[in-house]
Amino acid sequence: MRRNDRRDLGLLLLRLGTGGALAAHGAQKLFGWFGGHGIEGTGQFMESVGYVPGKASATAAGLAETGGGTLLALGLATPAAGAAAAGAMAGAAAVHAPNGFFNQGGGYEYAATLGLTAAGLAITGPGRLSVDHLLGHAVNRGWMIPAAFAATAAGTAVVVGSRARRLRKAKEGEQEALFEEEYME
């Protein structure tokens, strides 16, 4: 097997694995498949972690994951697909960041891994075993990479920043107890 063939096969495997996992996550949010909670349940969760309005947030995350994941797996519109998926994973990582890095403790390890892999595929390209290649890379041009990441970064910064401000504001109204109750009796 030639080096280029190995590279294309490796990119195909990365695209199928990452894209498949992302698409399944999105389908949980959008349709309640694979043990997910659908738009209603995911919307309630999104609202509880500061992404308001919850249903719109669930829909946006679900579309970015399902659409981005499916397109990545196919190797179609790879810059936009990878950037969208990376943006969704940045939003997920923001929720899990207070729990540290490792997934077993509720950390952001999994979201970061999916997001970085999607971003890497957007930059590297899909390889020859892809729909992009079959279409002559009509929706996989070099200029599309920075454009897709710029648009995704701007949108992600607004959404994650709004969430952070909302959480800070909610915490401002809380006051920690000055004394522990058992000493007050």
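Start at Glu-47: with 42% relative accessibility, Glu-47 counts as partly exposed. (Buried means under 20% relative accessible area, exposed means over 50%, and partly exposed is in between, with a 1.4 Å probe and protein chains only.)

You are looking at a predicted model, in which local features need pLDDT of at least 70 and side-chain atom pairs count only at pLDDT 80 or more, while totals for chains, interfaces and linings use all residues. Residues are numbered from 1 along each chain as its sequence is written, and side-chain values use heavy atoms, leaving out hydrogens and water.

**Stop 1: around Glu-47**

Keep Glu-47 selected. This residue belongs to helix α2. Setting aside neighbours within four places in sequence, Glu-47 contacts Val-52, Pro-53 and Gly-54. Glu-47 and Arg-163 are separated by 116 residues in sequence, but by 9.8 Å from C-alpha to C-alpha.

**Stop 2: a cis bond**

Select Val-52 and Pro-53. What is the peptide bond from Val-52 to Pro-53, cis or trans? That bond is cis, and its omega is near -5 degrees. Pro-53 sits in the loop between α2 (38–48) and α3.

**Stop 3: zoom out**

Show the whole chain. How many helices and strands does the protein chain have? There are eight helices and zero strands. Read from the N terminus, the elements go α-α-α-α-α-α-α-α. The C-alpha atoms fill a box of roughly 80 × 30 × 30 Å along the principal axes.

The chain exposes about 10800 Å², and 63% of that comes from carbon and sulfur atoms. (These areas come from the Shrake-Rupley method with a 1.4 Å probe; for residues, only the protein chains shown count as cover.) Of the 185 residues, 37% are buried. Among contacts with a separation of 6 or more, 66% join residues 24 or more positions apart.

**Stop 4: α1 against α3**

Two packed helices are described by the angle between their axes and the distance between the axes. Select residues 3–31 for α1 and 54–74 for α3. Their axes come within 7 Å and cross at roughly 155 degrees. (Axes are lines fitted to C-alpha atoms, for helices over the stretch in contact; angles run from 0 to 180 degrees between N-to-C directions.) α1 and α3 are therefore roughly antiparallel to each other. (Under 35 degrees counts as roughly parallel, over 145 as roughly antiparallel, 65 to 115 as roughly perpendicular, and the rest as oblique.) The crossing of α1 and α3 is left-handed. (That means the near helix is turned anticlockwise from the far one by less than a right angle; clockwise would be right-handed.)

Show the side chains at this contact. On α1, pick out residues including Arg-15, Leu-16, Gly-19 and Leu-22. The α1 and α3 contact has 11 nonpolar, eight polar and three charged residues. (Ala, Val, Leu, Ile, Met, Phe, Trp, Tyr, Cys and Pro count as nonpolar; Asp, Glu, Lys and Arg as charged; the others, Gly among them, as polar.)

Stay on α1 and select Lys-29. Is Lys-29 buried or exposed? Lys-29 is buried, at 16% relative accessible area. Beyond residues up to four places away in sequence, Lys-29 touches Gly-38, Ile-39, Thr-42, Ala-58, Ala-61, Gly-62 and Glu-65.

**Stop 5: α3 against α4**

The crossing of α3 and α4 is left-handed. Ala-64, Glu-65, Gly-68, Leu-71 and Leu-72 in α3 meet Thr-78, Ala-81, Gly-82, Ala-84, Ala-85, Ala-88 and Met-89 in α4. By class, that makes eight nonpolar, three polar and one charged.

**Stop 6**

Select Gly-107, in the loop between α4 and α5 (109–124). Gly-107 is buried, at 3%. Gly-107 touches His-96, Asn-99, Gly-100, Phe-101 and Phe-102, not counting residues up to four places away in sequence.

Go to Phe-34, in the loop between α1 and α2. Phi of Phe-34 is near 55 degrees, a positive value in a residue other than glycine. Phe-34 is exposed, at 59%.

Finish at His-137, in the loop between α6 (131–134) and α7 (144–172). Here phi is near 60 degrees, a positive value in a residue other than glycine. His-137 is partly exposed, at 24%.

How values were computed. Helices (H or I, at least four residues) and strands (E, at least two) are DSSP runs, numbered from the N terminus. Contact means heavy atoms within 4.5 Å.
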